[in-house]
Structures are given as structure tokens and as C-alpha cells.
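Subject: Structure for your review

Dear colleague,

Please find the structure below, handed over together with its sequence. My notes on what was found follow directly after it.

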Amino acid sequence: MALWYSVEVFDGATSALGWAEAWTDSLIGAALGCGASDWTWHSHPWGVVLEVAFGDEAAWEAFRANPTVAAALDAVPDPLTGLIVYRGRGGSAGATSPRRPRPLVGSGSA
């Protein structure tokens with residue numbers, strides 16, 4: 001089973017899409033070198049999201065420790081608040097299970 005990890009980059013002084021175009025080959029090459037089984041980019045009005053699937057957490061840690069990845073993450077458009085890295089699918093991936101309807105309250109429950 002693949003473990004998904006996300007890297008969200010927000011627009012800053014420059015466009016996050018421009019950052020993604022500049023770093024995509026390096027990031028995907030590093031991910032494949034560390035054992036990534038799948039990846040996808042998502043573009044949003046506020047920035048971009050890179051989702052990468054690894055077989056285990058050790059592969060993710062190796063990816064994060066890669067000097068190319070560190071250089072890419074240091075070069076994000078907004079270095080103070082423009083980067084979020086976390087486990088799971090990101091951006092607008094939605095909930096892992098659908099919401100259940102809430103019980104009716106008040107006169108609607110009778």
C-alpha cells in the first residue's frame with residue numbers, strides 16, 4: 001500500500017507555478033530515485049501541490065533528506081509562510097470518507 005505525502009507551495013513574490021516548472025524535473029527525479037511509485041501535480045489559484053506516493057516512510061525520509069529536494073524547498077516563492085509539507089493527499093483531495101448527514105434537530109426531528 002502506498003503512503004502519500006504532499007508538498008504545498010503558495011504564491012509569494014513570484015508564482016508557485018513558475019517554481020513548479022523550474023523544479024519539477026529535479027523533484028520527480030529525486031522521488032523516483034528514492035522509490036516513489038506515483039506522483040501528481042495540482043495547480044490552484046493560490047499555488048501548487050505535489051503529491052508523491054512512496055512504499056514506506058523510510059523512502060519518504062530519504063526523499064526529504066535529498067539535497068536537491070532541500071534546495072527546491074528553500075527556493076519556494078514565499079520562504080516564511082509559503083510551504084506546507086505533510087503526510088496524506090493535499091490541496092483539494094477531499095475527505096477520505098463521505099460525510100454523514102447530521103440528525104435533525106428541533107421540529108424537523110418529530
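In these notes a residue is called buried when its relative accessible area is under 20% and exposed when it is over 50%, with partly exposed in between (1.4 Å probe, protein chains only). Helices (H or I, at least four residues) and strands (E, at least two) are DSSP runs, numbered from the N terminus. The model is a predicted one, in which local features need pLDDT of at least 70 and side-chain atom pairs count only at pLDDT 80 or more, while totals for chains, interfaces and linings use all residues. Residues are numbered from 1 along each chain as its sequence is written, and side-chain values use heavy atoms, with hydrogens and water left out.

With those terms in place, α3 has Val-69, Ala-72 and Leu-73 as its buried residues. Seen down the axis of α3, these buried residues fall within an arc of 95°, so they line one face of the helix; the arc is that of the directions from the helix axis to the C-beta atoms. The face turned away from the buried side of α3 carries the exposed residues Pro-67 and Asp-74, whereas the cover over the buried residues includes β1, α1, α2 and β4, contact meaning heavy atoms within 4.5 Å.

As for the overall fold, the chain has three helices and four strands, which follow the pattern β-α-β-β-α-α-β when read along the sequence. Buried residues account for 33% of the 110 residues in the chain, and of the contacts between residues at least 6 apart in sequence, 73% join residues at least 24 apart.

The four strands form an open sheet in the order β2-β3-β1-β4, with antiparallel pairing, two strands being paired if DSSP finds at least two bridges between them. At the edges stand β2 (36-44) and β4 (83-87), each with a single partner strand, so one side of each is left without a neighbour in the sheet. From one strand to the next the twist averages 15°, and α1 packs on the sheet, where it touches β1, β2 and β3 and runs at about 175° to the direction of β2; axes here are lines fitted to C-alpha atoms, for helices over the stretch in contact, and angles run from 0 to 180 degrees between N-to-C directions.

Within this sheet, β3 deserves a separate paragraph. Eight of the eight residues of β3 are buried, so the strand is largely enclosed by the rest of the structure: Gly-47, Val-49, Glu-51 and Ala-53 are buried on one side, and Val-48, Leu-50, Val-52 and Phe-54 on the other. A hairpin of two residues joins β2 to β3, and these two strands pair over eight bridges, with Trp-41 opposite Leu-50 and Thr-40 partnered by Glu-51. β1 and β3 likewise pair in the antiparallel sense over eight bridges, and Tyr-5 has Val-52 as its bridge partner.

Leaving aside residues up to four places away in sequence, Leu-27 touches Trp-19, Trp-41, Leu-50, Phe-63, Val-69 and Ala-72.

With best regards
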